[in-house]
Amino acid sequence: GRGRAEVTVLVLGLDNSGKSTLLHALRPADARAPAPHHAAPTVGQQQEHFTSGGVSFSAWDVSGAPRHRALWERHYRRAHAVIFVVDSADHLRLVVAREELELLLAHPDMFGRRVPLLVFANKHDAPHALAPMQVAAALGLERITDKPWHICASCALSGAGLADGVAWLARQIR
Ligand code: GTP
């Protein structure tokens, strides 16, 4: 192992993609507060902790709203990994998600760094959700050469797919 106490992972993605729900589902059950009966849009940022494969993660959920971009960018430099969450059923905004991802990857604090990128093709349960392969193509993931990346179908509501994705991330870090 790399002897790190905690791995800092940034959780990014458009608003409404499911970042807060996903992080809540990853939290250890004993630390889990009752789920809010309606998910309010994230304002600012929130931090969650979880472990996988012996790796301890400190995850930062930073708001998807573009006006908060300056907040996300502040975290790029110290990120050891990135989780990018996409709403697989929001076909129209996949192109916007791709633009956001491209901005992230081209940022001077990200470009050329071997920061593992895990993409959750979230809302896999929703009607007309695209398959992960289709989401990967829409995002242009095959063009990424400076980082290991992986895409995983997920349903943040049930937790399906989350453990598999995070286990991949843990293997990249160890
Ligand atoms: P911001 O806080 O605005 O950045 O959004 P977010 O990305 O944190 O999304 P959030 O977790 O608030 O989820 C947005 C909505 O999508 C909520 O109504 C969730 O219940 C719903 N949602 C999240 N994940 C899933 C999923 O896997 N499947 C379905 N069907 N709905 C989901």
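## Where helix α3 packs

In this predicted model, the buried residues of α3 pack against β1, α2 (69-76), β4, β5 and α4 (132-139). Which residues of α3 are the buried ones? They are Leu94, Ala97, Glu100, Leu101, Leu104 and Leu105. They sit on the same side of α3, because they cover an arc of only 135 degrees around the axis.

As for its length, α3 (residues 94-106) has 13 residues and reaches 18 Å from its first C-alpha to its last, close to the 18 Å expected at 1.5 Å a residue.

## A strand wrapped up on both faces

Now for β4, one of the strands that α3 packs against. Strand β4 covers residues 81-87, and seven of the seven are buried, so the rest of the structure largely encloses it.

In a regular strand, side chains alternate between the two faces of the sheet. Here, Ala81, Ile83, Val85 and Asp87 point one way from β4, while Val82, Phe84 and Val86 point the other way, and all are buried.

## The neighbours of β4

Which strands pair with β4? One is β1 (residues 7-13), which runs parallel to β4 and is joined to it by five bridges. Within this pairing, leucine 10 has valine 82 of β4 as its bridge partner.

Strand β5 (residues 117-122) also runs parallel to β4, with six bridges between them. Here valine 86 is partnered with alanine 121 of β5.

Helix α3 comes back into the picture too: together, β4, α3 and β5 form a right-handed β-α-β unit.

Notes: Residues numbered from 1 in each chain as written. Predicted model: local features only at pLDDT ≥ 70, side-chain atom pairs only at ≥ 80, totals over all residues. Heavy atoms only, no water. Buried < 20%, exposed > 50% of the residue type's maximum accessible area, 1.4 Å probe, protein only. Helix = DSSP H or I, 4+ residues; strand = E, 2+ residues; numbered from the N terminus. Pairing = 2+ DSSP bridges. Right-handed = clockwise from strand over helix to strand, strands pointing away. Expected span 1.5 Å × (residues − 1). Arc of directions from axis to C-beta. Contact = heavy atoms within 4.5 Å.
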